Protein chains: 2
Amino acid sequence: MNYRYSSKTPNTDTDAVGEILKAAADPKIISFAGGLPAPELFPVKEIQTAVNQVFQAKGMTALQYGGSQGIPELRKVVAARATLDDITTNEEQILITTGSQQVLDLTAKLFLDSGDTVIVEKPTYLCAIDVFKSYGAHLVGIEMDEDGMKMDQLEAALQANPKAKLIYTIPNFQNPTGRTLSLERRRKIAQLAQQYDVLVLEDNPYGAVRFEGTPLPAIQSFDETDHVIYTSTFSKILAPGLRLGWVIAPSELISNYKRLKQSADLHSDILSQYIVAAFFENNDIAEHIAKITALYKERKDVMMQAIKKYFPKTVSYSRPEGGMFIWIEVPGIDSTQDLFDRCIQNNVAFVPGEPFYCQEIVPGTFRLNYSNMPAEQIDLGMKRLGEAIREVIQN
Amino acid sequence: MNYRYSSKTPNTDTDAVGEILKAAADPKIISFAGGLPAPELFPVKEIQTAVNQVFQAKGMTALQYGGSQGIPELRKVVAARATLDDITTNEEQILITTGSQQVLDLTAKLFLDSGDTVIVEKPTYLCAIDVFKSYGAHLVGIEMDEDGMKMDQLEAALQANPKAKLIYTIPNFQNPTGRTLSLERRRKIAQLAQQYDVLVLEDNPYGAVRFEGTPLPAIQSFDETDHVIYTSTFSKILAPGLRLGWVIAPSELISNYKRLKQSADLHSDILSQYIVAAFFENNDIAEHIAKITALYKERKDVMMQAIKKYFPKTVSYSRPEGGMFIWIEVPGIDSTQDLFDRCIQNNVAFVPGEPFYCQEIVPGTFRLNYSNMPAEQIDLGMKRLGEAIREVIQN
């Protein structure tokens with residue numbers, strides 16, 4: 001039958017990224033395509049202990065319906081963590097969500113009408129592009145350098161789009177580039193948000209996993225006029241399978257998020273909320289994050305060395321101080337798909353740059369993930385990737 | 001600051017239902033207001049066993065990211081359960097959601113543009129009204145009798161709204177009325193859906209909890225033209241805190257739901273999905289549902305007897321054959337709020353009818369929940385409620 005979809009439903013049902021991940025899932029292939037944490041570091045035992053404690057103390061409560069804002073115990077954990085980003089907040093200004101992905105969705109729903117402008121980094125998180133487009137947003141991309149979004153371009157975009165509703169940014173170890181927004185630019189974004197009366201959605205999934213350099217305060221810490229909404233997640237520091245994230249926002253917004261959250265899924269998994277709260281009570285999260293950081297740094301170093309060893313000198317790449325991704329730019333490549341196909345033949349995979357761009361694509365760009373692969377596999381995969389690059393450039 | 005919300009964001013931030021539930025939460029009050037399962041029947045031990053099994057067998061997988069459609073093990077459970085409603089399906093046509101509430105949200109997002117018509121029962125589930133309105137839908141309510149939606153009114157509404165996109169119905173033990181759609185009307189709805197080319201969203205959270213009468217086939221079982229989308233949940237037969245529901249739909253729709261699901265929250269809690277799959281593997285769910293059914297029937301009977309004992313003879317009420325709710329209509333009451341306030345003084349609570357109506361309200365109506373309260377408390381609470389009704393009618 002011919003379904004009459006909403007006008008915002010795309011005409012095609014092609015899922016380019018799905019196809020890429022499918023191709024990369026072949027066990028023969030060394031995949032740098034996904035964005036998965038290292039599962040061998042999941043604290044399975046400690047979480048199991050937490051679960052048993054929850055069942056002992058409040059099994060019935062953990063299995064019953066709960067409040068849309070999330071359990072107070074977990075909101076307290078979040079409020080305490082926020083201080084690490086120089087954010088002062090309290091449980092009342094926090095709402096627990098089904099992953100930070102849901103914060104993107106609820107934020108888009110709360111603010112966007114069809115045709116509204118959202119300003120994003122160029123490139124940016126591909127599912128953020130999907131979400132904003134699913135509400136009919138017009139996306140404007142801002143170029144980046146190694147210090148993140150360029151401020152002159154951002155200001156020009158704000159002037160050219162005086163009704164822009166939202167600036168979406170991933171300030172730490174950005175997905176897909178691995179780049180970090182400088183201190184000065186954080187201050188500047190907060191100031192521009194006030195000056196042009198536009199909201200900022202600050203998405204910080206990776207910030208806690210820093211290899212080197214100094215932790216930088218959140219953009220929200222410079223916000224004196226309630227223009228910045230902050231979101232983060234337990235996915236990268238604990239376990240993504242539990243789907244728990246959060247939003248920190250002024251009270252007026254939290255009551256609106258609460259209403260939309262109820263409408264979206266009533267509330268997030270109560271058992272998982274109690275599990276995470278108990279895990280934090282029993283364990284030193286800083287110690288756990290230190291383990292993650294050490295392993296990812298080792299893998300990142302291996303990947304960086306492999307770039308130098310195996311890639312042509314003309315290739316440029318980002319130098320992440322944390323997180324999970326390196327961004328590659330190979331000059332002289334017209335179609336990243338050709339390179340991808342060649343890589344699949346060579347049994348190695350990445351995510352081509354295309355889906356990370358809201359507008360014009362920079363060909364020859366792609367994202368590499370290093371968190372999910374042992375060091376020796378990284379070296380081998382990068383060797384194959386280097387060979388594929390040389391072959392494609394020569395043709 | 002003055003936030004520039006989407007045009008669909010309501011102007012007021014009053015939360016009438018929230019206020020009611022808050023008032024009802026006072027421990028002095030016997031509350032028939034919520035819609036909670038009896039937590040004393042949650043199979044806490046069996047779920048704990050399932051959790052430990054999951055951690056033993058696949059702790060890392062259960063904590064990692066997963067696919068948007070849900071784990072195959074759980075989709076197989078759902079496909080098997082669907083046969084109880086005379087639905088023939090398979091894992092490919094099933095998507096796991098964060099409660100069935102999310103199916104309402106994703107369905108609205110997939111099909112509705114601002115101004116599109118959705119046909120609902122009058123009264124209906126209040127959060128369904130919220131969801132459809134949050135996408136700008138125009139709601140048309142269809143009157144019910146003891147056999148559910150009236151078919152002549154439904155057909156008239158379809159003629160009057162030839163572009164209607166969706167009929168939303170809760171065929172079994174409806175929320176809030178407890179009424180069940182007759183077999184003949186199920187056939188008729190499927191036929192009207194085809195004839196008027198309108199989709200049906202069949203929401204069946206309560207169907208498994210039947211006290212008496214014969215189980216009826218789902219509307220979807222009469223659908224030969226892919227016009228019916230079916231949703232249900234583990235919330236009423238297992239545990240709502242785990243937030244797991246599902247949608248059964250034709251393949252074309254499932255790939256669209258998958259895309260929206262990814263955009264909304266990537267996927268549902270993986271640990272909880274494995275827990276539920278393991279629970280079903282280890283336990284006889286029919287036996288567990290029989291326990292729930294027996295207890296709710298006992299409580300329903302006590303509440304029905306109390307209506308006869310304590311309420312004026314002019315009061316009319318529904319006679320649910322299953323589920324969790326009885327619907328009351330007290331003639332001669334102008335403001336249900338006055339009755340509610342009087343009840344709160346008498347230390348008893350219900351949910352007034354207003355939020356269940358999409359348009360004109362029938363005063364003097366309210367919903368009673370019996371699943372969440374021991375029998376002796378039900379009798380006492382109903383006595384107080386009867387007194388409050390008499391007082392308000394006399395004034």
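# Exercises on a two-chain model

Asp86(B) sits in the loop between helix H3 (72–82) and strand E2 (94–97) of chain B. Helices (H or I, at least four residues) and strands (E, at least two) are DSSP runs, numbered from the N terminus. You're looking at a predicted model, in which local features need pLDDT of at least 70 and side-chain atom pairs count only at pLDDT 80 or more, while totals for chains, interfaces and linings use all residues. Residues are numbered from 1 along each chain as its sequence is written, chains are lettered from A and ligands numbered from 1 in the order in which they are written, and side-chain values use heavy atoms, with hydrogens and water left out.

**Exercise 1. Backbone angles**

*Solution.* 
- Step 1: start with the background. Most residues other than glycine have a negative phi, and most peptide bonds are trans.
- Step 2: check Asp86(B). Asp86(B) is partly exposed, at 49% relative accessibility. Here buried means under 20% relative accessible area, exposed means over 50%, and partly exposed is in between (1.4 Å probe, protein chains only).
- Step 3: move to Asn347(A), in the loop between helix H11 (336–345) and strand E12 (348–349) of chain A.

**Exercise 2. A lysine in a helix**

Is Lys300(B) buried or exposed, and which residues does Lys300(B) touch?

*Solution.* 
- Step 1: Lys300(B) is part of helix H10 (residues 285–310) of chain B.
- Step 2: check its accessibility. With a value of 5%, Lys300(B) counts as buried.
- Step 3: list the neighbours. Leaving out residues up to four places away in sequence, Lys300(B) touches Phe211(B), Glu212(B), Pro320(B), Ile326(B) and Tyr370(B). Contact means heavy atoms within 4.5 Å.
- Step 4: The side chains of Lys300(B) and Asp301(B) make one at 3.1 Å. A polar contact is a pair of N or O atoms within 3.5 Å; within protein, one must be able to donate a hydrogen and the other to accept it, and residues adjacent in sequence count only if both atoms are side-chain atoms.

**Exercise 3. Where the chains meet**

Work out how many residues of each chain are in contact and which helix gives chain A's side its largest share.

*Solution.* 
- Step 1: count. 79 residues of chain A are in contact with 79 residues of chain B.
- Step 2: get the area. The two chains bury about 6500 Å² between them, 54% of it on carbon and sulfur atoms. Buried area is the accessible area (1.4 Å probe) that two parts lose on being put together, summed over both.
- Step 3: look for charges. The interface of chain A and chain B has two salt bridges; Asp105(A) forms one with Lys109(B), the closest N and O atoms being 3.4 Å apart. The rule for a salt bridge is a side-chain nitrogen of Lys or Arg within 4 Å of a carboxyl oxygen of Asp or Glu.
- Step 4: find the helix. H2(A) gives eleven residues, the largest share of the side of chain A that touches chain B.

**Exercise 4. Cysteines**

How many disulfides are there over all chains, and why does Cys358(B) have no partner?

*Solution.* 
- Step 1: search. The whole structure has zero disulfides, a disulfide being a pair of cysteine sulfur atoms within 2.5 Å.
- Step 2: check the distance. The sulfur of Cys358(B) has its closest cysteine sulfur in Cys127(B), 15 Å away, so that is too far for a bond.
- Step 3: check accessibility. Cys358(B) is buried, with a relative accessible area of 12%, and Cys343(A) is buried at 0%.
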